[in-house]
Amino acid sequence: MFRESYQKDNEMIKPDAEFLERLKETVVKEQEEGGLREGKSEVSDNTSHTAYMYRFAVVAACLLFVIGVVVFRKDIWDSVNYKDGGLKTKAVLKQMNKEENNSLEDEQLTVLKELIGQQVVFYKLQSANQEKEDGCKLPKKEAQDLKNDILSDQYKIVQEEKELKTPVYYAVWSVGDKEIHFAVDGDGHIWIQ
Amino acid sequence: MKEHTSFTMTVEEAVEQFSTDVFRMAYARTNNKTDAEDITQETFIKYMKETKSFEDANHVKAWLLRVTINQSINLVTSAWYRKSTAMEEADAIAKEIEEKSDVYYAVMKLPQKYKIVIHLYYYEGYSVQEISSILGIKESTIKSQLKRARSRLKEMLKEDIDV
């Protein structure tokens, strides 16, 4: 009874003939202006495919960019450090160190590693007080081995104030307008002066 | 192996066959002729731009009704609609339904979600499973909505109407 009654009431609700005419005109006009469905047209499918491919390309490009940054420029993230409550890169820290009379504090080993491959000449020492002029310049291969050892963290930087007891090698290089001296002892320590 | 057949229905054919059903669904949702016309038009324009393939005419109809419901939900829940129709609605309903039965009047007073399932079940003749598919809601929810709607209708109609 309810169903019949409700259906009967709904049968009375009809869109105006005028509205239906207008609707037909509108869809025809929309189709002419670039609407898609006329049956299932080729235009429709191609447009959809193109739009889909375009969206896919944009998303893929964004994804590749992010992966590229994360994977290939990992050094960017690695080089970011916190200092004095703010984010500073090692480049900034190095500059700060230069401005602070070359006192290499936090990033000593890193800076050392960066510089050691380029400018440093090693001398072999005989005693603690021996000056570099008295040392014997290391042969190329031996110097390279020593550099490699330092680069592969075989040595540990220690306080510059401590006495150098068992010096083995000595080196000097320029940072800004100052010279940095360091020595490597037989216990696996790097001494910076 | 199920054979895939591609069904084709132009937008003109769809308007011809389903515009009344779409309009009635929109009207049941909005209680307003102008809004129902707007929703009907938007629905067929969406159909025209839709590129998915349909299985048959029933599939097209179900899709159109689903879009109609979504369109009407967007309209009914818009802030502008809520403000502008509060006063007009009462007059419009009274004017439109005066020649209709108490049943229709009672359905119009139901909450929106109940109106949709009642319309789809009693007017369109869809099963609970089909309504669930059209609305994307669990069958158990549809059943409980139908049950509550019937209960309210019985209460409103105050007679032993077979709902």
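Guide: We'll take the chains, then helix pairs, then rings.

Guide: One caution: this is a predicted model.

Visitor: Fine. What is chain B made of, helices or strands?

Guide: Chain B has eight helices and zero strands. Along the sequence the pattern reads α-α-α-α-α-α-α-α.

Visitor: And chain A, how many helices and strands?

Guide: Chain A has seven helices and eight strands.

Visitor: How about contacts between residues 24 or more positions apart, what percentage are they?

Guide: Take the contacts with a separation of 6 or more. In chain B, residues 24 or more positions apart account for 65% of them. In chain A, they account for 47%.

Visitor: Switching to packing. How do H2(A) and H2(B) sit, parallel or antiparallel?

Guide: Their axes come within 10 Å and cross at roughly 30°. Angles under 35 degrees count as roughly parallel, so H2(A) and H2(B) are roughly parallel to each other. The crossing is right-handed.

Visitor: Which residues make that contact?

Guide: From H2(A): Phe19(A), Arg22(A), Leu23(A), Thr26(A), Val27(A), Glu30(A) and Gln31(A). From H2(B): Glu37(B), Thr40(B), Gln41(B), Phe44(B), Ile45(B), Met48(B) and Lys49(B).

Visitor: How many are nonpolar, polar and charged?

Guide: The contact of H2(A) with H2(B) has six nonpolar, four polar and four charged residues.

Visitor: Tell me about Phe19(A). Buried or exposed?

Guide: Phe19(A) is buried, because its relative accessibility is 2% and the cut-off for buried is under 20%. Phe19(A) sits in helix H2 of chain A, residues 17-32.

Visitor: What is Phe19(A) in contact with, neighbours within four places aside?

Guide: Phe23(B), Glu37(B), Thr40(B) and Gln41(B).

Visitor: Now inside chain B. At what angle do H1 and H6 pack?

Guide: About 150°, with the axes 9 Å apart. H1(B) covers residues 11-30 and H6(B) residues 112-123. At that angle, H1(B) is roughly antiparallel to H6(B). Their crossing is right-handed.

Visitor: Which residues touch there?

Guide: H1(B) brings Asp21(B), Arg24(B), Met25(B), Ala28(B) and Arg29(B). H6(B) brings Gln112(B), Lys115(B), Ile116(B), His119(B), Leu120(B) and Tyr123(B). By class, that contact of H1(B) with H6(B) divides into five nonpolar, two polar and four charged.

Visitor: And H7(B) against H8(B), at what angle do they cross?

Guide: Roughly 110°, with the axes coming within 9 Å. Here H7(B) is residues 128-135 and H8(B) is residues 139-157. The range from 65 to 115 degrees counts as roughly perpendicular, so H7(B) and H8(B) get that label. This crossing is right-handed.

Visitor: Which residues make the contact?

Guide: On H7(B), Val128(B), Gln129(B), Ile131(B), Ser132(B) and Leu135(B). On H8(B), Glu139(B), Ile142(B), Lys143(B) and Leu146(B). The contact of H7(B) with H8(B) has five nonpolar, two polar and two charged residues.

Visitor: Rings next. How many aromatic pairs over all chains?

Guide: Nine. One of them is Phe2(A) with Tyr6(A): the centres are 6.0 Å apart and the planes are at 5°, so the pair is stacked.

Visitor: Where do Phe2(A) and Tyr6(A) lie in the helix?

Guide: In H1 of chain A, residues 2-11. Phe2(A) and Tyr6(A) are four residues apart, so about one helical turn separates them. Both Phe2(A) and Tyr6(A) are buried.

Visitor: How is the Tyr47(B) and Phe54(B) pair arranged?

Guide: Tilted: 5.7 Å centre to centre, with 35° between the planes. Tyr47(B) is buried at a relative accessible area of 0%. Phe54(B) is buried too, at 3%.

Visitor: Last one. What is phi at Asn31(B)?

Guide: Near 60°, a positive value in a residue other than glycine. Most residues other than glycine have a negative phi. Asn31(B) is in the loop between H1 and H2 of chain B. At 3% relative accessibility, Asn31(B) counts as buried.

Conventions:
Residues numbered from 1 in each chain as written. Chains lettered and ligands numbered in written order. Predicted model: local features only at pLDDT ≥ 70, side-chain atom pairs only at ≥ 80, totals over all residues. Heavy atoms only, no water. Phe/Tyr/Trp six-rings, centres within 6.5 Å; stacked < 30°, edge-to-face > 60°. Helix = DSSP H or I, 4+ residues; strand = E, 2+ residues; numbered from the N terminus. Buried < 20%, exposed > 50% of the residue type's maximum accessible area, 1.4 Å probe, protein only. Axes fitted to C-alpha atoms, helices over the stretch in contact; angles between N-to-C directions. Parallel < 35°, antiparallel > 145°, perpendicular 65-115°, else oblique. Left-handed = near helix turned anticlockwise from the far one by under 90°. Contact = heavy atoms within 4.5 Å. Nonpolar A, V, L, I, M, F, W, Y, C, P; charged D, E, K, R; others polar.
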